[in-house]
Amino acid sequence: MLYRENGQFKTSYRADQQIFPIAQDRIAIGIILAIAFIAVPMLASDYIFRAILIPFVIMALAALGVNILVGYCGQISLGSGAFMAVGAYGAYNFFVRFPGMPLIPALILGGLCATFFGILFGLPSLRVKGLYLAVATLAAQFFSDWMFLRIKWFTNNSDSGSVSVTNLQVLGMPIESATSKYLFCLAILVVVALLAKNLVRGAIGREWMAIRDMDVAAAVIGIRPMYAKLSAFAVSSFIVGMAGALWAFVHLGAWEPAAFSVEISFRLLFMVIIGGLGSVMGAFFGAAFIVVLPIVLNQFLPALVGLFGIEISTAGVSHAELMIFGALIVWFLIVEPHGLAKLWSTAKQKLRLWPFPH
């Protein structure tokens with residue numbers, strides 16, 4: 001008989017190896033999914049969908065991909081925006097050059113394009129690490145900016161590099177309204193998150209974490225660093241590429257290479273650091289924080305400082321946002337390296353939010 005925490009016992013290894021072995025976690029996930037798929041579409045307005053929920057869902061997907069590479073495998077990457085761009089333009093070319101190409105296969109093919117691109121720029125990880133690897137992946141960002149601006153074939157011979165997509169459909173159902181876009185992106189996020197959760201619990205996930213903790217020791221015990229690192233780049237780039245395609249197709253509709261600038265690479269890295277390195281839940285926390293904080297500051301900060309007789313401009317709000325991001329990054333890197341996900345896990349254990357009878 002195998003023992004689990006909160007007084008729960010498992011009588012088989014199959015039960016113990018479930019994705020969510022704790023009953024409270026399964027109940028909580030079920031409630032969250034019910035709220036996300038049923039309650040939110042009934043209550044949210046178009047503004048909430050377009051300004052908060054759709055960007056949050058897509059960025060959570062991208063942050064999940066970055067967390068696999070940075071959090072689980074320990075490979076610093078500043079080229080996430082480039083992988084998103086490759087996924088977006090790859091999906092676009094399949095979508096427009098093959099008449100009748102369904103949306104979901106186009107997104108998957110865009111993710112595969114990002115996979116090959118990620119493996120190519122992941123090759124330096126076999127020789128360098130840390131800051132040097134970050135600079136090598138940053139080269140992917142500059143290369144993609146040049147490629148999509150100068151090589152007109154990728155943009156269907158558009159002079160400005162700007163492209164657009166219309167008439168999105170899935171199984172004959174149009175993806176035009178804010179609600180349908182949200183539900184479509186949410187369904188993809190749930191499927192990918194469950195697959196990622198299962199993946200990092202398996203043998204490949206343990207290899208990634210061994211490489212992250214000490215690659216030399218991992219090689220000594222038989223783990224192949226080349227396979228582990230490149231597989232992390234491949235999986236991460238695929239997820240980030242799909243997120244880039246969703247960002248372009250569903251959220252933007254029309255875009256240009258500047259939509260995937262180096263700024264988005266830094267924002268994704270901030271999401272992973274603030275949300276929690278090496279945590280699937282951390283991707284959700286980080287994306288929520290980065291997406292919601294600017295809106296909250298724009299809405300409430302002027303009123304808050306106005307109580308003290310101080311006026312703050314739009315530029316001041318933007319500067320406050322950057323200062324808060326910087327302070328939190330320093331805090332989570334030095335004091336609490338596992339981010340908001342660790343704080344939530346600790347609070348749940350200490351406060352016993354989900355008591356289970358023994």
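# A tour of the chain, from cysteines to core

A search of the whole structure finds zero disulfides, a disulfide being a pair of cysteine sulfur atoms within 2.5 Å. The model is predicted: local features need pLDDT of at least 70, side-chain atom pairs count only at pLDDT 80 or more, and totals for chains, interfaces and linings use all residues. Residues are numbered from 1 along each chain as its sequence is written, and side-chain values use heavy atoms, with hydrogens and water left out.

Select C73, which counts as buried because its relative accessibility is 0%; buried means under 20% relative accessible area, exposed over 50% and partly exposed in between, with a 1.4 Å probe and protein chains only. Then select C185, also buried, at 1% relative accessibility.

Now show the whole chain as a cartoon. There are 14 helices and six strands; these are DSSP runs numbered from the N terminus, helices being H or I with at least four residues and strands E with at least two. Of the 358 residues, 46% are buried.

Next, select residues 46–72, helix α3. From first C-alpha to last, its 27 residues reach 36 Å, close to the 39 Å expected at 1.5 Å a residue; the expected span is 1.5 Å times one less than the number of residues. At L53, shortly before the proline P55, α3 has a kink of about 35°, taken as the angle between axes fitted to the seven residues ending there and the seven starting there. Buried residues number 21 of the 27 in α3. Step just past the helix to G74, where phi is positive, at about 75°.

Move to helix α10, residues 225–252, and pick G244. Its relative accessibility is 0%, so G244 counts as buried. Leaving aside neighbours within four places in sequence, G244 is in contact with M84, A88 and F260, contact meaning heavy atoms within 4.5 Å. Draw a distance from the C-alpha of G244 to that of A114, 130 residues away along the chain: 9.4 Å.

Finish in the largest nonpolar core, where Y182, F184, W208, L246, F249 and W255 touch the most other members out of 102 residues. Such a core is a set of buried Ala, Val, Leu, Ile, Met, Phe, Trp, Tyr and Cys residues joined through side-chain atoms within 4.5 Å. Helix α3 gives the most to this core, with 16 residues. Centre on W255: not counting residues up to four places away in sequence, the residues it touches include A88, Y92, V163, F249 and F260.
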